[in-house]
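Visitor: I have the sequence and the model open. Could we go through the fold together?
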Amino acid sequence: YDVIVKKEITSTNSFAKQLNDQNHDDKRHLIIAEKQTQGYGRRGRSFYSPEKSGLYMSMLVPFHDAKNLNPGLLTTMTAVVVAKALKKMYPEIDFYVKWINDIYVNSKKVVGILTELVMDAELMQPSAIVVGVGISLNIQDIPDELKDKVGSISDKKINKNQLVDLIVNGFEAEFPHYLEANFIEEYQKISFLNGKKVSVDVINDTVEGIVTGIDKQGHLLLDVDGKEVTINNGEVVKV
Ligand code: BTN
């Protein structure tokens, strides 16, 4: 990996995308920032990224084989990788993955993950993927409107390099065979939603049911009045 560290950045994900537009060197890049002024998440939401209170990073991975691409499954894989990295550093804390792209501690979000495809404008096909990971650490004053939802890991002496290493190495170990979805078993063990009653926003509709797990494609499985329903793409809006 070619590593770029910035004090302040708009967003490590958008930086990674620009980098990909500018050079097609086929190298993997890792962008890390201490602060993001325009960190973002799914559905255009902003991601709270204050200075010294987090690890904000994006991996830019060139990708040429579009048929082996499953961004949802890759996001799930990354969630398991990050949860395992955090567990290694903090064995006493229970980390849970929440479909599709969050990690929770004590029912609050401490990690957000955003996987984006980068299209090659000429070839009209994906030429890279950007995997962004934001971890909230030592946040002092969480804004009132986020207090119920956002948590943070307290560790004043955190070794961020070690955490980055664990995440990148974990990603590298799983990525070559992520389509086999071997990590699903681990996912099930630390799934935040399993057994819970949820509402899921899907296109023009809301589905309510009890979460039974995820399948090998990374899709969410619900029990809706005794019937199994598969959610390919949606947003859990209520637990
Ligand atoms: C979400 O909550 O929907 C995902 C949040 C992803 C945040 C990370 S922080 C590093 C990278 N840069 C961004 O702008 N977003 C991701």
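Visitor: How many bridges join strand E1 to strand E2?
Guide: In this predicted model, strand E1 (residues 2-9) and strand E2 (residues 29-36) run parallel and are joined by seven bridges.

Visitor: Which residue in E2 does Glu 8 stand opposite?
Guide: Glu 8 stands opposite Lys 35 in E2.

Visitor: And what does the chain cross through from E1 to E2?
Guide: The path runs through helix H1 (residues 12-22), giving a β-α-β crossover that is right-handed.

Visitor: Does E3 run parallel or antiparallel to E2?
Guide: Strand E3 (residues 54-62) is antiparallel to E2, and five bridges join the two. Within E3, Met 59 is the bridge partner of Leu 30.

Visitor: Changing topic: how is the protein divided into domains?
Guide: Domain 1 covers 2-189 and domain 2 covers 197-238. Their C-alpha centres lie 23 Å apart.

Visitor: How many residues are in contact between them?
Guide: In domain 1, 10 residues are in contact with eight residues of domain 2.

Visitor: Which elements give two or more residues to that side of domain 1?
Guide: Those are helix H2 (71-89) and helix H4 (184-189). The residues of the side of domain 1 that touches domain 2 comprise five nonpolar, four polar and one charged.

Visitor: Last point: what pLDDT does the protein average?
Guide: The average pLDDT is 93, and 100% of the residues score at least 70. The model also scores ipTM 0.99 and pTM 0.95.

Technical notes:
Residues are numbered from 1 along each chain as its sequence is written. This is a predicted model: local features need pLDDT of at least 70, side-chain atom pairs count only at pLDDT 80 or more; totals for chains, interfaces and linings use all residues. Domain bounds come from an automatic or database domain assignment. Two residues are in contact if their C-beta atoms, placed from the backbone, lie within 7 Å. Helices (H or I, at least four residues) and strands (E, at least two) are DSSP runs, numbered from the N terminus. Ala, Val, Leu, Ile, Met, Phe, Trp, Tyr, Cys and Pro count as nonpolar, Asp, Glu, Lys and Arg as charged, and the others, Gly among them, as polar. pLDDT is the predictor's confidence in each residue, from 0 to 100. Two strands pair if DSSP finds at least two bridges between them. A crossover is right-handed if, with the strands pointing away from the viewer, the path from the first strand over the helix to the second runs clockwise.
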